[in-house]
Amino acid sequence: MATIIVVTSGKGGVGKTTTSASVSTGLAKRGFKTAVIDFDVGLRNLDLVMGCERRVVYDFVNVIQNEALLKQALIRDKHCDNLFILPASQTRDKEALNKEGVGRVLDELRDSFDYIVCDSPAGIEQGALMALYFADEAFIVTNPEVSSVRDSDRILGILQARSKRAETGGTPIKEHLLVTRYSPRRVEAGEMLSLKDVQDLLGIPLIGVIPESEVVLQASNSGVPVIHFDQSPSGQAYDDVVARFLGESRPMRFLEPERKNFLRRLFGT
Amino acid sequence: MNLLDYFLSKRKKSAVVARERLQIILARERVDRSGPDYLPALKREILEVVAKYVSIDMDQVQVHLQREGNCEILELNISLPEPPPATTGQSMGHSASN
């Protein structure tokens, strides 16, 4: 019986798809059979970030409307054998997602998978509501920035009021705060909300901090989830996130600015 | 920013401003969304009763629900219109707690 994880944020461009790609890859690398679903109907991008855009034949909406079987629509990841991607439809609108259809597909996946990662679209409309409705756990992706923090708080309110668990009086969705695009240097200069600020404001447990890094763009450029870049701080930070999610205790890293020594600073290397 | 600016500057760091603004707005939005469902109806009915006796402007009414520990305070603030009565500009406060 799979655990359903939603990756959500309210605000766009904060790193939901990057996180969905890396977290699902991390879970699969540890041996769990994992599916990752793109809920952004009309604006699909998970396929591109995971490098399988040319292998999309059928999509999530095709499966919901019984135009294709689930196993025809699932794309096997090229790096991990036990990771499958279910792409969003590019031609339909968000109303194509409904509770019955999404619930049926998730039920079918639940029997044969360990984890189902739902990559939510931005906003608080149908696609985002459907992505979070069936969730058991939630990653709230937040940038240390005013609009992102406010939108995360809004989405927390929706998780707590309009998810299936909330509506049926079940145990609440387990919430995890993931702070992305964190720049310790700017925090030190007083130009960016600190990790403590974001934690205090949102009041949910922290699962990790992903430092701002050029590698994230390089990863999406090449269609390889950033967690595969295991020499880079962002790749390592995502690996920590997955380990913590699975119950390992790992100290937070990359919270202090990198100190260049005098000579390197002098020569600007 | 040069060194002189740095020492002369009395401005708050922008991150501190951001934190303070968020503290205020999040607190307000959380109250709005955690308010019980009956709040709008309650507000409307109380106003109907008040309107029977005094002519009031619906824009001059504020309803706040505050939570302090186990105690909830419902505050209803109605600004009464200007003359003729001698009670000009008065505010009616009403609080109830449970």
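A cavity is a set of points, on a 1 Å grid over the protein atoms alone, where a 1.4 Å probe fits but cannot get out, and its lining residues have an atom within 4 Å of a point. The legends below describe a predicted model, in which local features need pLDDT of at least 70, side-chain atom pairs count only at pLDDT 80 or more, and totals for chains, interfaces and linings use all residues. Residues are numbered from 1 along each chain as its sequence is written, chains are lettered from A and ligands numbered from 1 in the order in which they are written, and side-chain values use heavy atoms, with hydrogens and water left out.

View 1. The structure holds one cavity of 30 Å³ or more. The volume of the largest cavity is about 30 Å³, a volume being the space filled by probe spheres set on grid points that are joined across faces, edges and corners. Its lining consists of Thr18(A), Val49(A), Val216(A), Ala219(A), Ser220(A), Val224(A), Pro225(A) and Val226(A). Helix H11 (residues 214–222) of chain A gives the most to this lining, with three residues; helices (H or I, at least four residues) and strands (E, at least two) are DSSP runs, numbered from the N terminus. Six lining residues are nonpolar, two are polar and none is charged. In this scheme Ala, Val, Leu, Ile, Met, Phe, Trp, Tyr, Cys and Pro count as nonpolar, Asp, Glu, Lys and Arg as charged, and the others, Gly among them, as polar.

**View 2. Cys52(A) and Cys80(A).** A disulfide is counted when a pair of cysteine sulfur atoms lies within 2.5 Å. The count over all chains is zero disulfides. The sulfur of Cys52(A) has its closest cysteine sulfur in Cys80(A), 12 Å away, which is too far for a bond. Cys80(A) is likewise in no disulfide. Cys52(A) is buried, at 1% relative accessible area, and Cys80(A) is buried at 6%. Buried means under 20% relative accessible area, exposed over 50%, and partly exposed in between (1.4 Å probe, protein chains only).

**View 3. Two residues with positive phi.** Most residues other than glycine have a negative phi. Asn66(A), which is not a glycine, has a positive phi of about 60 degrees. Asn66(A) sits in the loop between helix H3 (60–64) and helix H4 (70–73) of chain A and is exposed, with a relative accessible area of 61%. Phe254(A) is not a glycine either, and has a positive phi of about 60 degrees. The place of Phe254(A) is the loop between helix H12 (233–245) and helix H13 (262–267) of chain A, where Phe254(A) is partly exposed at 24% relative accessibility.

View 4. A salt bridge is a side-chain nitrogen of Lys or Arg within 4 Å of a carboxyl oxygen of Asp or Glu. Over all chains, 17 salt bridges are counted. In one of them, the closest N and O atoms of Arg30(A) and Asp239(A) are 3.4 Å apart. Arg30(A) lies in the loop between helix H1 (16–29) and strand S2 (34–38), and Asp239(A) in helix H12, so the pair ties together parts of chain A that are 209 residues apart in sequence. Asp240(A) and Arg253(A) also meet in a salt bridge, at 2.9 Å from N to O. Asp240(A) is buried at 3% relative accessibility, whereas Arg253(A) is partly exposed at 35%.

Note on methods. 1 Å grid on protein atoms, 1.4 Å probe; cavity = no way out; pocket = protein on both sides within 12 Å on 5 of 7 lines; lining within 4 Å.
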